[in-house]
Amino acid sequence: MRETVRSGPRPVARILSLVANAGDDDRTLGLQRTPRFRTRGKAGQTGHAEGVLGPKVGSGRHNSLWRTCQLRDRRRIRARVSRPSRKFGLLTPCFRFRWLLPVAMATGRLGVGETLGALNTALGPGDPVWFKETRARHLRARDFLAPRPALQARFGDGQVPERVIRAVAGLQGPGVAPVMRCAPTPAGLALQLQRPAVFERVLGAVPAYAVPAVPAAPGPRVLLHCPALRGAPGSLRLSRLRAVLVADHLARALRAHGVRVRLVPAVRDPHMPTFLQQLRVDWPAASERAATEALRSRVLAELGLAREGGALAPGVLGTVSLKEVLQERGRAAGYDPKLDKCLVTEDQLSVLAELQEAVSQWPQASPPGLAVAPHASADVCMVIHVVSCEEEFQQQKLDLLWWKLDDRAPLTQKHLVCGPVKVAGTPSKLTAPEYYELRHTQVCKASALKHGRDLVQDPAWTEVFSILSAATIKFEMLSTAPQSQLLLALADSSISTKGTRSGTFVMYNCARLATLFEGYKHSTEQGLYPTFPPVSSLDFSLLQDEGEWLLLFNGVLPFPDLLGQTAALACAASGLHVTARTETMCKFLVQLSMDFSSYYNRVHILGEPRPHLFGQMFARLQLLRAVREVLHTGLATLGLPPLSHI
């Protein structure tokens, strides 16, 4: 990501002198003077934004992103954000197909992206150099670091001017975390936040950190098409099951960000809804097929196709040439050049009719308040085909056929291709129902070993085992980037709650949190502890343990940005393929569970019922309440309900 600093059409010499040793010659930073700034948003205001890095304000020109940074003396500068980089973790693009989404502006919520943007801006023009620390041993001394090699490239001798250090230490602004100190170290320029103040800001507004930034107007329309769901459960191989789980998770993430999503196909096999319910996959069902008469007429009349007596198999209408549409649209997008002919069947027309009907049920015009970029497509509907690698060729053929037969077909069709699934030690011919039954049996067996008795027949545990089985499968299938190959290990050892990489481990720690708060509630009813005081009265300076800062800084604080990552779709305007980081949430929840488990095993939360210990206990409970909300929200994006016991 490259951030260029501008402040409008004319120079602001006083801000220049703060951030980059620019005197009267303002050309040092290429800034221009402007008489006034109007970029700091208030609650209720809206602006256009492209991306997911929190409250950014579009300038309205060239689709640029701008971030406002305010210094302690109330002077402000604006940074334009262009190409993001994965190096900085949470700074990722969203909807790079150039739709502008109206979003609510700054609401007082602290953000990692906002803080990094302000820090990089304060250093002056050039590539970003700051990054957020995540390891516990580094967080003992600093929270952000600008590495020495990067500073040497920026300042020549590597010596950061004292006035720049003062400007960094004095940064303030919407979403920018308060700074305690900034000092040179052998590793580079180290920055530490005012941790009690950050604890107070975050834990005083827990609900704001457990939800994504809600757009001020409806987002674009996305039609998610998963061809794997057109058959029976027994026809689902593991690679196709992976595509189904990716599509379900992506749909939940997009909807949370205001994107209007339709799911196709509506399942018709009578056994498929029950199987999807076992997996906690929310997918529509249908009882009747879409009409295909119009498409059939187009094939037979306009293309001059007719049945040849005895020459065509039942259900086959004839052969259509795709060469023209391939030349017009397909080659530039990256479609296979061998797609020059297509055998048209009744089943293909049924698929196209359902896609056509799903698109037409949306209004043709943009929704009120939704601005479309001047160079965007005329339609505002994107079709994303979530397919396994073995399905992609046939789906490319279907894309071109849709364009040829339907003049109103969406101009934007993308493919999210899921990589193959391999089973360690055995051929990967396992079907999805067999895979589920295997995991369900292993979950029941692990529970019997833990509790010393068989609980399968106990109605109170039936739902728990079903949820644990679904969690195990989803974390296995979604913890790897969807485009990469996935290697499954089917051994029983992957089911244990002690295994720190499994969905069972995450659900186990979710249940531990529920048990903790249930224990506090029971003790309060017995009169051992007082009722929970107002959050504004808590003393968060009592949170001194390094595990507590780890939970807040790596878990709660960056969670809104991470929710944006799960809905990020990176694709070129003319390319065929789109990538989604659906693995982000699973990895985050596993790491958060590991950090919580380590802290919970070491620190006794509900201590002796002595008044002088209540302050620290309440502060810790509020922190873990935030962790619980984050866990529940993260699990909801996977379609998994939290467990209260396990």
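This is a predicted model: local features need pLDDT of at least 70, side-chain atom pairs count only at pLDDT 80 or more; totals for chains, interfaces and linings use all residues.
F144 is buried, its relative accessible area being 1%. The chain contains 20 helices and 21 strands. Of its 646 residues, 54% count as buried. Among contacts between residues at least 6 apart in sequence, 76% join residues at least 24 apart.

- A pair of aromatic rings is described by two quantities, the distance of the centres and the angle of the planes.
- The structure holds 13 aromatic pairs.
- In the pair of F144 and F553, the ring centres are 5.7 Å apart and the planes stand at 85 degrees; because an angle over 60 degrees counts as edge-to-face, this pair is edge-to-face.
- F144 belongs to strand 8 (residues 144-147) and F553 to helix 17 (residues 546-556), so the pair ties together parts of the chain that are 409 residues apart in sequence.
- F553 is buried as well, with a relative accessible area of 0%.

**Other contacts of aromatic rings**

- The ring of F553 also has the charged end of K132 sitting over it, 4.2 Å from the ring centre.
- A second case involves R628, whose charged end sits over the ring of F517 at 4.3 Å from the centre.
- Y520, Y529, F532, F614 and F618 are linked into a cluster by ring pairs.

- Strand 7 (residues 131-132) is joined to strand 8 by 2 bridges, and the two strands run antiparallel.
- Within strand 8, L145 is the bridge partner of F131.
- Strand 8 is also joined to strand 11 (residues 188-193), by 4 bridges and again in an antiparallel arrangement.
- In strand 11, the residue opposite F144 is L191.

- An open sheet is formed by 4 strands in the order 13-12-16-17, with parallel pairing.
- Its edge strands are strand 13 (260-264) and strand 17 (412-418), each of which pairs on one side only.
- From one strand to the next, the twist averages 20 degrees.
- Strand 12 (residues 221-225) pairs with strand 13 in the parallel sense over 5 bridges.
- H225 stands opposite V264, a residue of strand 13.

**Helices on the sheet**

- Helix 12 (residues 346-360) lies across strand 12, strand 13 and strand 16 (381-388), and runs at about 160 degrees to strand 12.
- Helix 13 (residues 392-405) packs on the sheet and touches strand 12, strand 16 and strand 17; the direction of helix 13 makes about 170 degrees with that of strand 17.

**Helix 6 and its buried side**

- Helix 6 (residues 195-203) has the buried residues R195, V198, F199, V202 and L203.
- These residues cover an arc of only 110 degrees around the axis, and therefore they lie on the same side of helix 6.
- The buried residues of helix 6 pack against helix 3 (136-139), strand 11, helix 7 (206-209), helix 17 and helix 20 (611-637).

Conventions. Residues are numbered from 1 along each chain as its sequence is written. Side-chain values use heavy atoms; hydrogens and water are left out. Rings of Phe, Tyr and Trp (its six-membered ring) pair if their centres lie within 6.5 Å; planes under 30 degrees apart count as stacked, over 60 as edge-to-face and the rest as tilted. Buried means under 20% relative accessible area, exposed over 50%, partly exposed in between (1.4 Å probe, protein chains only). A charge sits over a ring if NZ of Lys or CZ of Arg is within 6 Å of the ring centre and within 35 degrees of the ring normal. Two strands pair if DSSP finds at least two bridges between them. Axes are lines fitted to C-alpha atoms, for helices over the stretch in contact, and angles run from 0 to 180 degrees between N-to-C directions. Contact means heavy atoms within 4.5 Å. The arc is that of the directions from the helix axis to the C-beta atoms.
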